[in-house]
Amino acid sequence: MKGERDVKRIYLDNNATTAVRPEVLQGMLPFFCEAFGNPSSVHWAGSQVSPAIEKARGQVAQLLNCQPTEIVFTACGSEGDNFALKGTVDVLREKGNHIITTAVEHPAVLDTCRFLEKKGVEITYLPVDGEGRLDLDLLERSITPRTILISVMWANNETGVVFPIHEIGVVARRHKVRFFCDAVQAVGRLPVDVQKAQVDLLSLSGHKIGAPKGVGALFVRKGNPLTPLIHGGHQERRRRAGTHNVPGIVGLGIACQKAMDELSFVPGRMEPLRECLQSGLLTLVPEIKVNGASAPRLPNTLNLCFAGIEGEALLLHLDIAGIAASSGSACTSDDHGMSHVLEAMGVDPLLGQSSVRFSLGRDTVAEDIDRVLEVVPGVVQKLRDMSPFWEGRACRRAS
Amino acid sequence: MYSEKVLDHFTNPRNVGEMTNADATGEFGSSHCGDTIKVFLKVEDNVIQDIKFKTFGCAAAIASSSIMTEMVRGKTLEDGLQLTNDMVAEALDGLPPEKMHCSCLAADGLHKAIQNYLNGQK
Ligand SMILES: Cc1ncc(COP(=O)(O)O)c(C=O)c1O
Ligand SMILES: [Zn+2]
């Protein structure tokens, strides 16, 4: 039923995951059956694959503008986030026990912080304003002599709001505090240069940039020791044990190479399409709110609230029409439905339940946007017509 | 995730809308997720002659509301009061476990409207 047979499928959920790029898959294939060795082995089978790992390390390093030795391969973005936070807390426990982060981080950071809080670490969750922006002065004033880490995401996964990472890097350097950035959503969509940004740790995830699921990387600046999360073998210079996911790492390298090649034009192609979707919806559907509209945003992300209806119901209608998008709110029994990001932005709880996120990809075309603009107004009206919260409201339709 | 029945009632809800000359209305909002239903009743000789609803909520909430109206239309008020969320969920060929609370909405909204009707009669 879902994504029905005869409707064209349109995928606008690229912040959730992306398809593996054909070039990436091609590059990975030899590393399953032919070059299958364990890169740690000294014999021919191992030495066949270790150069491939180092090549991939170089490709990731080039995208981030760092040394290859500063790249640690991980299994996902969540691992990088856990590693950066827990590893820092352990290694710097003599120096202090205070972390500064934001209220809108991904759960991989927020839940890790809550876990560390239970272990006695002090966490400051910086608020954001109505547009999702941070107060840099407040960040700086939150630093104490016991602060060991500032953890701020490059771009928010729900709203696409981009934080002033370069300015935060300056503040962190000035106070000699380690700076970790979750760049899972920014890599491949914005230039991410760890030297310009002066970050010390930075996480990324393969499946958001056309590599497969199950591979990621953490940049660890030289001179910033980190206690391993996974103990065992001597892989990754003893920073991360576990036999390498060779095909995945090779794929991540190619995806980073491609992202680098395309950075000059792919984001520039997505942004006008996103603008077209945004202005089209604002024109066709009354009483909608674009979240983070006046903040700097990723070129591919559009997060909106549709007053009077519930986001999940809208998503299912879109799904039936072949359009895949996502909703920050979920109606589950143990959940209040409102996303923590919109809550931190002060969005009214009822309005917050109507949020939908469209996230474009490098393959998104104008026809996809046209189709969304064709489908959304009708289903929103249908849901509003049956909503007790829409009663008595005129359905003004701007022309 | 959802049964064909849920998708049918979600995409094509029965008895949706308002009633200007209702004998009673009942509104119920879930404290869990904010899903809210408004039920309109037309009652004659202790029988639910007509019923309409408006619902804000997820697909499970909308489908539950819709099928609930079909289940009690033409039935007595006592039958209506005996309707449970399990009966609603069952009529929909089941709901995912995390969506069971959405089916309460329909039964609770109906009970509220019937209660309001009976209180008004006194
Ligand atoms: C900002 C951000 N951080 C971390 C993650 C987790 O990445 P992964 O799915 O690779 O564990 C995501 C994925 O949604 C994300 O958007
Ligand atoms: Zn619900």
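Me: Where in chain A does A:R237 lie?
Reply: Bear in mind that this is a predicted model: local features need pLDDT of at least 70, side-chain atom pairs count only at pLDDT 80 or more, totals for chains, interfaces and linings use all residues, and side-chain values use heavy atoms, with hydrogens and water left out. Residues are numbered from 1 along each chain as its sequence is written, while chains are lettered from A and ligands numbered from 1 in the order in which they are written. Helices (H or I, at least four residues) and strands (E, at least two) are DSSP runs, numbered from the N terminus. On that numbering, A:R237 lies in the loop of chain A between strand 8 and helix 9 (246-262).

Me: Is A:R237 buried or exposed?
Reply: The cut-offs are under 20% relative accessible area for buried, over 50% for exposed, and partly exposed in between (1.4 Å probe, protein chains only). A:R237 has a relative accessible area of 59%, which means that it counts as exposed.

Me: What is phi of A:R237, roughly?
Reply: A:R237 is a residue other than glycine, yet its phi is positive. The value is near 50 degrees.

Me: And what is the phi of A:Q198, also not a glycine?
Reply: A:Q198 sits in the loop of chain A between helix 8 (194-197) and strand 7. With 22% relative accessibility, A:Q198 is partly exposed. Its phi is positive, at about 55 degrees.

Me: Which residues does A:H207 contact, leaving aside neighbours within four places in sequence?
Reply: A:H207 is in the loop between strand 7 (201-205) and strand 8 (216-220) of chain A, and at 17% relative accessibility it counts as buried. Contact here means heavy atoms within 4.5 Å. On that basis, A:H207 meets A:A16, A:T17, A:T18, A:P212, A:K213 and A:V215.

Me: How far apart are the C-alpha atoms of A:H207 and A:I148?
Reply: Along the chain, A:H207 and A:I148 are 59 residues apart.

Me: What surrounds A:F83, leaving aside neighbours within four places in sequence?
Reply: A:F83 belongs to helix 4 (residues 77-91) of chain A, and its 1% relative accessibility makes it buried. Its C-alpha atom is 13 Å from that of A:D111, 28 residues away along the chain. The contacts of A:F83 are A:V72, A:T88, A:L218, A:L226, A:T227, A:P228, A:L229 and A:R239.

Me: Which residues does A:E140 touch, not counting those up to four places away in sequence?
Reply: A:E140 lies in helix 6 (residues 136-142) of chain A and is partly exposed, at 22% relative accessibility. Its C-alpha atom is 9.7 Å from that of A:I100, 40 residues off along the chain. The residues A:E140 touches are A:V171, A:R174 and A:H175.

Me: At what angle do helix 11 of chain A and helix 1 of chain B pack?
Reply: Axes are lines fitted to C-alpha atoms, for helices over the stretch in contact, and angles run from 0 to 180 degrees between N-to-C directions. Helix 11 (residues 311-320) of chain A and helix 1 (residues 4-11) of chain B have axes 12 Å apart, and the angle is about 105 degrees.

Me: Which residues make the contact between helix 11 of chain A and helix 1 of chain B?
Reply: From helix 11 of chain A come A:A313, A:L316, A:H317 and A:I320. From helix 1 of chain B come B:L7, B:F10 and B:T11.

Me: What radius of gyration does chain A have?
Reply: The radius is taken over C-alpha atoms, and the globule rule is 2.2 Å times the number of residues to the power 0.38. With 399 residues, a compact globule would come out near 21 Å, and chain A agrees with that at 22 Å.

Me: What about the radius of gyration of chain B?
Reply: Chain B has 5 helices and 3 strands, in the order α-β-β-β-α-α-α-α. Its C-alpha trace spans about 45 × 25 × 25 Å along the principal axes. For 122 residues a compact globule would be near 14 Å, and chain B agrees at 13 Å.

Me: What share of the residues of chain A is buried?
Reply: Chain A holds 14 helices and 12 strands, and its C-alpha trace spans about 70 × 55 × 40 Å along the principal axes. Of its 399 residues, the buried share is 59%.
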